[in-house]
Structures are given as structure tokens and as C-alpha cells.
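Subject: A structure for you to look at

Dear colleague,

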Amino acid sequence: MLLALLVLLALPQFLGSYLLTVFIFIFFYAYLGQAWNLLGGYGGQISLGHAAFVGIGAYTSTYLAMTYQLSPWIGMLIGGAAAACLGAVIGYLGFRFGLRGFYFILLTVAFGEICRLVVSHVDALGGALGLFITFSGDPWQFQFSDNRYYYYVALGLMLISMGIAALIERSRMGAYLAAIREDEDASEALGVNAFGTKLAAIVLSAFLTGVGGTFYANYLFSLQPNTAFGIPLSVEIILRPIVGGSGTLMGPVLGSFILSPLAEVSRTYFARGGLSGVHLIVYGSLLIAVVLFFPRGAYPYLRGVFRRLPRRGAPPPFRHLPPGVARAKPAPERPRDP
Amino acid sequence: MSLLEVRALSKRFGGLQAVSDLSLSMAEGEVLGLIGPNGAGKTTAFSLFSGFLAPDSGEIEFRGRSLVGLRPHQICHLGLTRTFQIVRPFPHLSVLENVRVGAFARTASSQTAAARARQVLHEVGLEAKADVPAGELTLAERKRLELARALATEPVLLLLDEVMAGLSAAETERIVELIRGINARGVSLLLIEHVMRAVMNLSHRIAVLNYGQLIAEGTPAQVANDPRVIEAYLGEEYAGTAPG
Amino acid sequence: MTLALIGQAALNGFLFGGVYSLMAVGLSLIFGVMRVINIAHGDMMVWGSYLAFVLALRLGLDPFVSFVLCAAAIFCMGVVVQRALVNRVLNAPHEMQILLMLGVALVLENLALVVFGPDTRRTESAYGLATVWLGPIFVDVARLITFGLALALSCALYLFLFRSDLGKLIRAAADNGYGALVIGADVERIYTVAFGIGAACVGAAGALMSALLPFSPATGFAQTVTSFNIVIIGGMGSLLGAFLGGLLVAVAESLGAVLLVPSLKELVGFVLLVLILLFRPQGLFGGKTT
């Protein structure tokens, strides 16, 4: 682990700008994936609307920087807070009304799209064309002339998110999230405040994702509602932890190391003409393969291969029953009377 | 002040009156057995006491505090913990992790919780299986796990729902001894049971439910000889099994 | 804002709703029988649209004729997807199924992008511009035919499910998969057929819609969301609900486009979805079948 870290720290000395960019994306999406992982992996509540948090964080810090010259380093935290507020709203509505599984996913999709549509119509935020940030190279404005600084910031973000995830994993919150994921009612009987814990998870996840939004804005220098809030970004976010292993610490990281290079390769080799969608076909196929053959993701699978330990972390394996038997309830379970 | 005070508790589901005007009370340190035919409303009563269901009317007081309207986790923090009739372990977590969830009700520290969990596992005799995923346990072990998890929350009143169902005679003996030990430590117990010998032996008092109503209450001897109870549930052969 | 204009919008929406209904019925059938949430629904539909487009381009087949072929083709697609993929995850946690279908959706959408390119298309139809006047309101002949065909297909599906032996078996399996197994039904085959029929519905809908509305690979996702909107409003697993929901949503969208800023009509749809999810997730014709 330490060795890997040292290697990563030293890498910028040896790599050219293009490869640095690849690594920056690896780290950045690992960060976003890890933030998602808190809710979706450890918490077991899949969200397909996390792009909304990225968008809110990005737009907030950018708007504040453009209008009030507020340094994005501070704007980052405010953006994160704004995203956390949306997370709280979604969490409150979703969990209070007992939405789980598919219905919760739909709720997140709906909110993501609502954000996208609303922002597209607000002229102060640039409407459908979005915002364009002028490049100044000023570190206080979260801009660096040298790619290497972005590399270290991205790496730092990834390490911070891993640290937070590790802390949670070992803490009471982590144990509670796992219990809720396994059996929410049984956990309630043991004193677990399921609603409160899940709400905390989504708020934290949203905050971290929102903070990432600032990096997104200041690395790409342009923000459009369709890309910042869109489903494609949400899909990119969830793919890393799912392919790598949701509910595990290394999952999003491993997933990112697998997917980002793959995306780059398919983009480079198939970028001519209208074949820009090939990397998404690869994503889709990978997703299918993971669900069929490695439901827990790459990391737990590899760990299981190398050491025969009892495997933990979501999602649980398929139960082998004849088709059509014993289904989970698809309708949302309303909270009990109290 | 009695530990648990239930007054005129009622709950209906559509056309079915599951619990009807139920009143009972428990003293500290007591073991109260709750028996009755299947469908008599015993588990519903447990769900009402522990906050999983809201009563239509009536009052539930625990250590002088009303429980109506509180959520299950709040009631657990007040000192009342329930188990489930059909055991619900967290299948992919290890036995230790399962019990640790319960221990976290009393402490935020992972160290303390893990230590407490090990203690409890030792008490129920599952420490050898601490790292086994709960899904791989036998039924008897799962029952003990269910008990251990509840114990880890350090309850003042423990509600055990058919914790002996499906166990062999030897396994039942072990659980009975375990429960006796728990009670000796000062934990009060409310037991739903069908295993007559066990519940008659363990309980200080017995309450009998039928069709959601309390039809008898008293010492095991009294209840076993109560004609209403015999008629509804026990059958004549059991009339003489109560001690004393 | 005259009454005639509103009436026109309502009528247009209603007639268009036939395709929405067909689309939603397909989704509802798949869910009702297998409890599978087909996220790739809209993308299958887009393939139906492209097929109709290609058939019109290469063979000069009018979509109102070729929809049968498109339905058959997408039926086959559905069968392949079901046999190869869905069958294996029938007993998996729902999240896994959703992710699987998401993967299928990604593949289908981007395969279409690679094969056909990103431009929006529209199928040529002989009836494309024909209209009939009913007083102050005009009726788009294409929409009228579409509605008629969609209605006919829905009725055919109804007859199949309620009168034919295979249809009854499908309904039995939907009601109680285990029970169907016990009585010796070939449940796997039933599932395959049901999924195929659901896909065929959406393939037909795609073909019919391709003449009315421009489409591109990217519209697949929007159609998926619309389908789910409809099915949730109408009630998951209720075919009647899906049918009526389709008409309702189409009319609402049409009126919304006329009464509100057109680009905000999507917003209305999503807000409606949130409200339904929170307050009446079982839909208008509720009742989840157990």
C-alpha cells in the first residue's frame, strides 16, 4: 500500500502531460465513486442522480467565483454544503416515504433531471449554454498552469475520500450501514436509527461529491447543464465502485484503474468519425459481465481468489432457486405506523 | 413502579382484531411467560411494545415512560429489546459483527463494542464461531445469535419471541439455562413460547392470550389448572405439569 | 388560447397516446410477469424505430405496414436478451437486475449510435402530411392510424392473455411463479415469451412512432423514463393502468406544451413522477400483485 502510494507520488516526474491527464481522471472518478460508495455501496441505496451533486457544487463555486471573486477553495466547501442540502432533501423524502430499491433510484433520477432542466433555464447561470471560466492560472482561483498540480490535487482528493471511507467502515456508522443493508427492521430492533443513519450517509456523500464538482469545473473550464447534471455523468460515477466492488474501500479505486484507461483506449482508437459511443458499449458490456459473473465486483473477487476469507460487502450473491420463486418485494415498503 | 405497564391495548388489522383490550404489568426482575394458541396476538403484542406497530388505543408504559409513538430504535435505547420469531441474522456479516451492532447501542467506540460483543458471545457459547458469516450457522446457533445480539444492547427488559422453537431437547436445555442466568443478572424477560415445560419452569408468572384477549394470568400452577386455559390451549394432559 | 387550440392539443395528445400506451403495456407485462425492471425499454424501442426507418428507406415500406416486421425483430431481440441475460438474474437482488438492464441499455443505445450515427431521423410515410378536418379541429391522419393500430394491438394482446392457453399460463406465472412450476408449466419458456411480447410491443410502438416523432439514439433514455412515468402513474403490473396511463400522460404532455413553455414540459413530467413516488407509488390503478 505504502509502496503504491510512493509510486503514485513520484509518477509526475516521469510522465508526459497526456498520461498525467489519464491519471487525473482515474483519481478524480475514484474520488467521486468513493463518495457515491458511502451511500450506494456501504449504505446499499443506489443513486443514479449523483451528477446533480457534482453540478450543484460546480455551479455554486463557479458562480461565487465569477460574481464575488470568492476563491473556489472556499467556494468548494459552500458548493459541497449546497449539494449536501439537496442530498438532505432527497434523503428525507426518499427515506421518510420508505422508497427503496428501484423507486429510490427513480427519485434520484428525477431530481437529477429536475436540477438539469431548472439550471438550463436560469440565465444567471448561463442557461443551456452554461458557464465558461476564463483561465488565469491563479492557484487561489483553483487553477494551475502545470498539469502536475492538478494531479496532486486529484490524488489528494482520492486519498481523502479513502480515508473517510476507511474511518466510516470501522466506526459505528459503518456497522449500522451494513446492518441496515442486511435487514433494516432487525437493525432497528437493535437500536439502529435507520432513517438517521441513511440520511447522514446521503448528506455526507452529497457533500463530498459537491466538493468534487469544484475540481470538475476548474479542470474542464466549462460547465453545461447537460453534462454536469446529466445521467451519463451519473453512470460514470457509479460504474467505478460497481465494477471494482461496491461497499469496499478499494472498489472505486480499482474500478477507476480499470475503467478510465479502457475508456481512453476506446476513445483513442475509435474516435474517428461517429464512433464516439464505443467506450460506452464497453462500459455497458462490463456492467453486464460484472452483474453476471462478479456480482461483488473485481476487488472482492480478486481478494477471494488470493485469500480464502469470508467475503463481505454488498451486494450479496445470487440465491440459486428455480426461476420465479421467492422474489423480493418491488413495491416501496411504507414505514410502519409510528 | 412496575417495569412494564400495559393498559387496554388494542390493535386491529382490517377485519381482524389482533389484540383486544390487553392489560398486564411486569415487575422488575420478573420472567413473564406469554402463551396462547397460534394467532392469539402474542407477536403482535411484541410488535406493539417494541414500536414496530402503533396501537389503535391503549397505553404502554415502560419504567414510567410512555412508549406509544416512539420508534423501535428509541425504545431499544430506553432498555426494551425484542427478538424475532423467525430469526433475522445479518447473513453476510460475521457472528461478531452481528452482535457488535447490538453493542453499539450503548457505546460509540468500536473497541468497546467489539469487546462487549465478545463477552456476550462467550456468555451464549458462540465465541468459537465469532468470525463465521451468520448465514452459515445452524438454526440452534442462529437462535443463540439472535439472543446474543439482543443481550448486547444491555436491555432492562428482553422480549424473546419463541426462542426455543425448532430446537432439540438438549439445545432447549441450554437456552433455558442461559435465560435463567440472564434473569439472575437482573434482566427482566417477557417470553413468548410454545415449549410448555420450559416456559412453565422459567416463568414467575404466565399470561395467556386467546383471540387477542387476555384470558388468564397468574403463577404457572394457577394457569395450568385454569379451566379456561386448558380448554383453549393446553389440553388436559398438561394440567399437572406446573411446579408446586 | 382558444378552446379549439386546447381541444386540438388534447386530441393530438390522445391519438399519440396510443403508442405511449403500447410502450407502457409492454413494460408492464415484463414487470408483471417477471418482476424485472426493463431499463433498456426505451433503447429497444429506438431500435424498432431505426428498423422501420431502414425498411422505409431501403424497401419503401410504410411504417404502418412494416411495424409488424419491426415488432417481430424486436421480439427476437427480447428473446435473446431474456434467455442470455435476464434469466440468470431472476432471483438476484433487484439492484443487480437494474444494473444489468442498465448495461444492456448502454450497449443498445451506443450500438445504435455507432451503426446509425447521432443524427435525428424520421421515417417517411405516405400519410405523413395528410389531415382530415373535423370542424375547427384537424385530425392528423398518421396519428389516427397510429392510434387505431396501437389500439388494435392492445386488444390483440388482451385477447391473447385472457383467451388463449399460453396467455393464461403467462398470467398464472405472473401471479404465482412457484405455483406455475408446480403445475408443470415450463416457466422459463413462459418468461421468454412474455419478455419477447413486451419487447415486440415496444418495437411496434417504436416503428409507429418513428413516423410521428424524430428520434435518435439519445431519445432512448427519455422514452424509458416516459415509459416508467406512465407505468408508475398507471400502477406497476396493471396492464389497464399502463394503457390508460399512456393516454393520460400523452394528453398531459400535449396540453403542457401548449399551455406552458414547451421546454418545461419535461420538468412537469419529472415533478409529477416525484409526487407520485412519494404519495401514491402504487399508481392510479394500484394494487401490486403479490
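The notes that follow go from the chains as a whole to a sheet, then to some helices and loops.

This is a predicted model, in which local features need pLDDT of at least 70, side-chain atom pairs count only at pLDDT 80 or more, and totals for chains, interfaces and linings use all residues. Residues are numbered from 1 along each chain as its sequence is written, while chains are lettered from A and ligands numbered from 1 in the order in which they are written.

**The chains and their contacts**

Chain A contains 14 helices and two strands, where helices (H or I, at least four residues) and strands (E, at least two) are DSSP runs numbered from the N terminus. Of the 338 residues in chain A, 54% are buried; a residue is called buried if 20 or more other C-beta atoms lie within 10 Å of its own, exposed if 12 or fewer do, and partly exposed in between, with the C-beta atoms placed from the backbone. Two residues are in contact if their C-beta atoms, placed from the backbone, lie within 7 Å. Among the contacts in chain A between residues at least 6 apart in sequence, 75% join residues at least 24 apart.

Two pairs of chains are in contact, and of these chains A and C share the most contacts. Chain B and chain C do not touch, and their nearest C-alpha atoms are 14 Å apart. Between chains B and A, 33 residues of chain B are in contact with 23 residues of chain A. On the side of chain B that touches chain A, the elements that give two or more residues are helix H2 (72-78), S6 and helix H3 (95-103) of chain B. The residues of that side divide into 15 nonpolar, 11 polar and seven charged, where Ala, Val, Leu, Ile, Met, Phe, Trp, Tyr, Cys and Pro count as nonpolar, Asp, Glu, Lys and Arg as charged, and the others, Gly among them, as polar.

**The sheet in chain B**

In chain B, six strands form an open sheet of mixed pairing, in the order S6-S7-S8-S3-S9-S10; two strands pair if DSSP finds at least two bridges between them. Its edge strands, each pairing on one side only, are S6 (80-82) and S10 (213-218) of chain B.

S6(B) pairs with S7 (residues 157-161) of chain B in the parallel sense over three bridges, and Thr81(B) has Leu158(B) in S7(B) as its bridge partner. S7(B) and S8(B) also run parallel and are joined by five bridges, with Ser188(B) in S8(B) as the bridge partner of Leu157(B). From S7(B) the chain crosses through helix H6 (residues 169-184) of chain B to S8(B), and this β-α-β crossover is right-handed, a term that applies if, with the strands pointing away from the viewer, the path from the first strand over the helix to the second runs clockwise.

Which residues cover the two faces of S7(B)? Leu157(B), Leu159(B) and Asp161(B) lie on one side, Leu158(B) and Leu160(B) lie on the other, and all are buried. In a regular strand the side chains alternate between the two faces of the sheet.

**Helices and loops**

H2 (residues 41-59) of chain C has 19 residues and reaches 27 Å from its first C-alpha to its last, close to the 27 Å expected, a span that is 1.5 Å times one less than the number of residues. Of the 19 residues of H2(C), 15 are buried, and the helix is followed by Gly60(C), whose phi is positive, near 65 degrees. Is Arg35(C) buried or exposed? Arg35(C) counts as buried because it has 21 C-beta neighbours inside 10 Å.

Tyr211(B), in the loop between S9 and S10 of chain B, also has a positive phi, near 50 degrees, in a residue other than glycine. With 16 other C-beta atoms within 10 Å, Tyr211(B) is partly exposed.

H5 (residues 141-163) of chain C has 23 residues and reaches 32 Å, close to the 33 Å expected. Its buried residues, including Ile145(C), Phe147(C) and Leu153(C), pack against H1, H3 (63-84), S2 (137-140), H6 (165-175), H8 (187-212) and H10 (239-259) of chain C.

With best wishes
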